[in-house]
Amino acid sequence: MTDVLPAGSLDGKVALVTGSSRGIGADTVRYLAEAGADVVINYRNKAPRAEKLATQLRELGRRVLTVGADLTDPTSVGEMFEAVEAEFGRLDVLVLNASGGMESGMAEDYALTLNRDAQLNVLDAATPLLDDGARVVFVTSHQAHFIRTTPTMPEYEPVALSKRAGEDALRERIPGLAEKGIGFTVVSGDMIEGTITATLLERANPGAIAERRESAGKLYNVSEFAAEVARAAVDPVPADNTRLVGDVSGFAAE
Ligand SMILES: NC(=O)c1ccc[n+]([C@@H]2O[C@H](COP(=O)([O-])OP(=O)(O)OC[C@H]3O[C@@H](n4cnc5c(N)ncnc54)[C@H](OP(=O)(O)O)[C@@H]3O)[C@@H](O)[C@H]2O)c1
């Protein structure tokens with residue numbers, strides 16, 4: 001994984017990616033570190049994975065902080081940003097990647113708690129550390145971004161609605177962030193090959209992935225999508241604050 005971002009383009013910057021011990025978040029934080037950023041790896045459960053990744057990124061010469069925090073717990077979130085402030089004193093890139101809601105045994109409103117309330121709380125807790133030129137990136141799926149116009153699989157619908165509610169709530173912060181010189185970009189992608197979410201949806205709807213792959217022409221894999229997320233942290237903010245990744249045929253614009 002090289003040259004997703006120009007070498008040195010994030011030298012001296014500090015980036016935090018939520019849910020970055022594995023999957024899309026882990027590849028994103030790696031790309032940011034490869035471009036020169038010191039990074040914060042946030043995880044909920046996977047401390048050994050976070051530490052393993054941290055060791056690899058330190059070998060690139062980066063400073064790396066790993067912080068365990070359940071984002072639905074405001075106290076943990078507060079402590080996470082206290083740790084960031086103590087270690088780095090500021091934040092230049094915040095990637096809101098962590099997501100969920102298809103886990104079994106959670107409260108009925110868990111998806112909304114994590115995908116809306118916790119996202120907003122993380123952004124608000126991070127804002128004092130963000131300054132002129134900083135970037136916030138919110139990661140979502142086409143199935144969620146377009147849920148108001150394009151129905152999705154019933155198993156994913158509560159997650160899609162909660163992620164869209166989170167996106168809408170975060171977008172309300174754009175004017176306040178812009179006043180401080182902070183850019184905000186939503187990155188939306190189709191189903192990603194090889195992820196747990198895609199596997200769960202495929203199990204409930206056999207053939208669903210192949211069908212999406214056929215109508216989209218191609219589905220991104222984890223590292224390809226993570227590269228787009230990392231680029232969104234560096235590229236100019238789109239006029240509509242939205243970076244749509246890959247084909248969007250089959251999704252109706254509002
Ligand atoms: N999968 C897809 O097909 C797809 C498609 C388009 C967009 N996306 C978006 O890409 C992002 C990442 O998706 P993914 O498939 O990589 O997700 P994932 O495999 O389910 O990973 C989610 C990450 O979020 C963390 N997380 C979950 N609940 C958390 C909580 N309460 N507090 C803190 N961290 C928590 C997990 O940490 P632990 O491992 O420590 O629990 C994990 O690192 C999401 O925003 C998703 O909507 C995914």
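Burial, contacts and shape in a predicted model

Me: Why is P48 called exposed?
Reply: In this predicted model, P48 has a relative accessible area of 66%. The term exposed applies over 50%, so P48 is exposed. The residue belongs to helix α2, which covers residues 47-58.

Me: What makes R212 a buried residue?
Reply: The relative accessible area of R212 is 14%. Buried means under 20%, so R212 is buried. Its place is in helix α9, residues 208-216.

Me: Which residues does R212 touch, not counting residues up to four places away in sequence?
Reply: R212 touches Q143, D190, M191, L219, D247, S249 and F251. Each of these counts as a contact because heavy atoms lie within 4.5 Å.

Me: Why does V222 count as buried?
Reply: V222 has 18% relative accessibility. The limit for buried is under 20%, so V222 counts as buried. This residue lies in helix α10, residues 222-232. Leaving out residues up to four places away in sequence, V222 touches G23, I24, D27, I192, E193 and T195. V222 and S141, 81 residues apart in sequence, are 13 Å apart from C-alpha to C-alpha.

Me: How do you know that A226 counts as buried?
Reply: The relative accessibility of A226 is 0%. With the limit at under 20%, A226 therefore counts as buried. A226 is also found in helix α10. Beyond its neighbours within four places in sequence, A226 is in contact with I24, D27, T28 and Y31.

Me: What is stated about phi of N241?
Reply: Phi of N241 is near 60°, which is a positive value in a residue other than glycine. N241 is found in the loop between α10 and β7, the latter being residues 242-245. At 14% relative accessibility, against the limit of under 20%, N241 counts as buried.

Me: How do you know that the span of helix α6 is close to the expected one?
Reply: Helix α6, residues 157-171, has 15 residues and reaches 21 Å from its first C-alpha to its last. The expected value at 1.5 Å a residue is 21 Å. Buried residues in α6 include V159, A160, S162, K163 and R164. Also buried there are G166, E167, A169, L170 and R171.

Me: Why does the radius of gyration agree with that of a compact globule?
Reply: A compact globule of 254 residues would have a radius of gyration near 18 Å, and the protein has 17 Å, so the two agree. The C-alpha atoms fill a box of roughly 45 × 40 × 35 Å along the principal axes. Buried residues make up 52% of the 254 residues.

Me: What share of contacts between residues at least 6 apart in sequence joins residues at least 24 apart?
Reply: The share is 75%. The protein has 10 helices and seven strands.

Conventions: Residues numbered from 1 in each chain as written. Predicted model: local features only at pLDDT ≥ 70, side-chain atom pairs only at ≥ 80, totals over all residues. Heavy atoms only, no water. Helix = DSSP H or I, 4+ residues; strand = E, 2+ residues; numbered from the N terminus. Rg over C-alpha atoms; globule rule 2.2 N^0.38 Å. Buried < 20%, exposed > 50% of the residue type's maximum accessible area, 1.4 Å probe, protein only. Expected span 1.5 Å × (residues − 1).
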